[in-house]
Amino acid sequence: MSALDPLAPRRACVIGAGFGGLALAIRLQSAGIQTTIVEARDKPGGRGYHWEKDGFTFDAGPTVITDPPCLQELWALSGHDISEDVELMPVMPFYRLNWPDGTNFDYSNDEAGLAREIARVAPGDLAGYEEFLRYSAGVCEEGYVKLGHVPFLDFASMIKAAPALAKYQAWRSVYSMVSSFIKSEKLREALSFHTLLVGGNPMTTSAIYALIHTLEKNGGVWWAKGGTNQLIAGMVRQFERIGGTVRMHDPVVHIHTVGNRATEIETQSGWKERFDAVASNADIMHTYRELLSGNPRGAQAARSLARKRFSPSLFVVHFGLEGTWPGIPHHMILFGPRYKGLLDDIYEHGVLPQDFSIYLHHPTVTDPGMAPAGKSTFYALIPVANQGKLPIDWETVGPMLEKRILDEVGRRLIPDIHDRIVTKFHYSPRDFGLDLNAYLGSAFSLEPILTQSAWFRGHNRDDKIGNLYLVGAGTHPGAGIPGVVGSAKATAKLMLEDLQ
């Protein structure tokens with residue numbers, strides 16, 4: 001029965017306007033549930049936030065869009081088309097991988113082109129790559145197509161999925177699995193680095209994540225014209241078009257409960273509203289420890305989460321340059337001199353390494369409107385340990401690390417980089433904590449290892465509070481745009497069954 005009136009339409013609140021929260025809200029509103037999103041910040045997006053500075057547009061978060069059908073579905077639910085709001089542009093190559101010895105490898109789904117690249121860099125691995133491709137396709141079908149949007153609410157659901165996961169040796173790491181097919185170290189790195197884009201260490205993340213290769217191969221890699229922020233803006237437009245309500249710049253401070261039911265939302269401004277169901281796209285630890293502090297379940301879940309492994313953070317340098325760079329593709333990975341050693345430093349030892357691998361994002365090569373005429377927008381990102389492992393003063397260390405990263409980009413690609421900088425700023429683990437309430441400043445929530453996957457991750461519906469739901473990176477299936485959009489599909493299914 002509705003908290004307000006048994007005949008009134010069911011009402012739901014989604015806390016947080018990140019990708020997961022928006023995707024969930026669109027699904028609920030499309031199904032006739034009167035849905036309100038409450039967002040803490042001045043702009044929607046969560047990790048897909050953006051800044052406009054000196055005429056440049058800088059996207060904060062995810063820049064690699066894969067599996068467009070998972071997004072198109074959000075519009076199709078109400079008979080609309082994503083193209084009404086978002087222009088998706090293909091990115092080619094997907095990535096250019098570059099090593100310190102000067103080797104480049106252009107990675108894409110152009111089969112003839114990719115075969116040429118493998119023949120050039122790792123000629124002995126062409127047959128092994130074909131075998132890896134078959135493995136990746138199988139694991140994508142089992143792990144993503146069949147299970148990527150299915151809620152794991154009990155251990156029995158995990159047992160049911162176990163035979164398929166065992167068949168694909170899910171207990172092995174992505175790197176170990178790739179290495180069973182591939183002999184060249186460079187190609188091993190090229191086929192295993194993807195897990196870093198969802199917070200996972202290629203050396204420990206389940207081999208299931210090899211499915212990313214097939215996801216990209218089948219669906220391509222895309223860019224939203226105007227930036228990932230325009231995909232967020234399009235999702236907000238679609239949500240409001242079908243009758244949804246967005247409340248901005250007013251952080252939720254409390255989820256009120258009576259017994260084992262969430263009853264009311266309270267925000268910083270003092271606004272209070274009753275709802276039939278509440279879903280949180282906020283950081284999972286923040287949801288339990290702060291927002292549910294008035295219910296014993298909050299402290300209990302927070303204690304349990306504190307024992308888990310959280311993914312690393314990121315340090316990102318955003319910069320605008322004079323000039324255009326047609327020779328630098330949209331996405332580059334500048335590998336450092338070490339692979340496993342660097343990953344150990346970030347994931348295990350919690351030190352700030354002397355060397356680094358850089359993900360360089362250069363959107364103006366695809367979309368010149370991201371910068372003023374004759375100028376270019378970039379960001380250079382490195383994974384760093386979260387603040388639990390690396391408790392350093394980013395106020396002091398940030399500017400020094402920023403210079404080191406820009407020096408390295410300069411050394412490898414843009415010799416006069418410092419002379420060309422028009423504007424720059426950096427974003428550190430401290431900022432993830434302050435802006436996003438991210439526990440330990442983690443950029444991807446729980447680390448995606450096998451013992452923190454599916455049922456072992458945050459559940460899409462809370463075990464004790466029956467009308468409280470979770471969506472986003474801390475829940476199944478995990479981080480990344482397809483991951484959190486998949487979590488929204490799983491959560492929406494539960495909510496609609498419960499509410500209707």
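## A cluster of rings

Let's start with the aromatic side chains. In this predicted model, Phe94, Tyr95, Trp99, Tyr107, Tyr175, Phe193, Phe335 and Tyr339 are joined into a cluster by ring pairs. Searching the whole structure turns up 21 aromatic pairs.

## One pair up close

A pair of aromatic rings is described by the distance of the centres and the angle of the planes.

Where in the chain do Phe310 and Tyr439 sit? Phe310 belongs to the loop between helix H11 (296–306) and strand E14 (313–322), while Tyr439 belongs to the loop between helix H15 (429–436) and strand E19 (468–470). The two are 129 residues apart, and the pair links distant parts of the chain. Both Phe310 and Tyr439 are buried.

## A charge over a ring

Arg41 lies over the face of Tyr49, at 3.7 Å from the ring centre.

## The nonpolar cores

Now for the cores. The largest nonpolar core contains 114 residues. Leu24, Leu71, Leu97, Phe105, Leu231, Met235 and Met495 have the most contacts inside this core. Which helix gives the most to the core? The answer is helix H16 (residues 481–499), with nine residues. A second, separate core has 25 residues, including Ile358, Leu360, Trp394 and Ile417.

Leaving out residues up to four places away in sequence, Leu24 touches Val14, Ala279, Val471, Ala488, Thr491, Ala492 and Met495.

Note on methods:
Residues numbered from 1 in each chain as written. Predicted model: local features only at pLDDT ≥ 70, side-chain atom pairs only at ≥ 80, totals over all residues. Heavy atoms only, no water. Core = buried A, V, L, I, M, F, W, Y, C linked by side-chain atoms within 4.5 Å. Buried < 20%, exposed > 50% of the residue type's maximum accessible area, 1.4 Å probe, protein only. Helix = DSSP H or I, 4+ residues; strand = E, 2+ residues; numbered from the N terminus. Contact = heavy atoms within 4.5 Å. Phe/Tyr/Trp six-rings, centres within 6.5 Å; stacked < 30°, edge-to-face > 60°. Lys NZ or Arg CZ within 6 Å of the ring centre and 35° of its normal.
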